[in-house]
Amino acid sequence: MKRVITYGTFDLLHYGHINLLKRAKALGDYLIVAVSSDEFNWNEKHKKTYFTYEQRKQLLEAIRYVDLVIPEENWQQKRSDMHEYCVDTFVMGDDWKGKFDFLKKEGVEVVYLPRTPEISTSQIKHDLYDANAVDGKSMTSHEEINTDPQ
Ligand code: C2G
């Protein structure tokens with residue numbers, strides 16, 4: 001069984017993430033996703049996520065390509081993860097190209113896959129902020145939606 005691993009925040013899960021996970025799984029038989037903890041995001045990546053670790057973990061576990069979700073708690077854990085989870089292939093989007101080549105020394109294939117263009121969590125946040133700023137209305141509640149077919 002070929003075991004693949006990838007790491008990320010996966011906040012506001014979108015089709016760019018899904019494309020990555022689908023292609024990562026296609027490289028093997030078992031896909032592990034190390035999802036960044038809330039503390040790691042805040043302290044090391046200076047990202048405030050919309051969804052908590054538990055919520056992001058739940059979303060990822062619902063994806064057909066994902067077999068196991070583990071926490072990513074620091075930058076240093078990758079080396080030991082390769083051995084602890086018997087990883088054959090490490091996969092990241094190519095925005096990280098070259099950054100994790102050191103893992104080859106752990107006997108792991110390192111693969112960078114092309115990012116899906118024009119979608120990112122920060123782009124989603126930006127677009128929603130702009131949209132709200134333009135029309136000034138919050139999301140329409142069900143009470144306000146006229147479902148009368150007449
Ligand atoms: N990704 C992609 N296409 C996009 C957006 C993201 O292929 N349009 C990929 C990224 O390249 C990454 C994965 O999806 O491989 C997760 O992206 P993020 O949640 O933004 O993760 P990141 O903040 O890059 O954290 O130790 C590694 C870090 O945890 C990676």
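Helix H1 (15-25) contributes the largest share of the shell around the ligand, 3 residues, where a shell residue has a heavy atom within 4 Å of the ligand. The elements E1, H1 and E4 each supply at least two residues of this shell; helices (H or I, at least four residues) and strands (E, at least two) are DSSP runs numbered from the N terminus. The model is predicted: local features need pLDDT of at least 70 and side-chain atom pairs count only at pLDDT 80 or more, while totals for chains, interfaces and linings use all residues. Residues are numbered from 1 along each chain as its sequence is written, and side-chain values use heavy atoms, with hydrogens and water left out.

In total, 21 residues surround the ligand, and the closest are Lys47, Glu72, Lys78, Asp95 and Ile119. The shell comprises 7 nonpolar, 8 polar and 6 charged residues; Ala, Val, Leu, Ile, Met, Phe, Trp, Tyr, Cys and Pro count as nonpolar, Asp, Glu, Lys and Arg as charged, and the others, Gly among them, as polar.

| Residue | Polar atom | Distance to a ligand oxygen |
|---|---|---|
| Lys45 | side chain | 2.8 Å |
| Glu72 | side chain | 2.6 Å |
| Gly93 | backbone | 2.9 Å |

The protein covers 95% of the 640 Å² of accessible area that the ligand has on its own, by the Shrake-Rupley method with a 1.4 Å probe.

Key
Polar contact = N/O pair within 3.5 Å; in protein donor to acceptor, adjacent residues only side chain to side chain.
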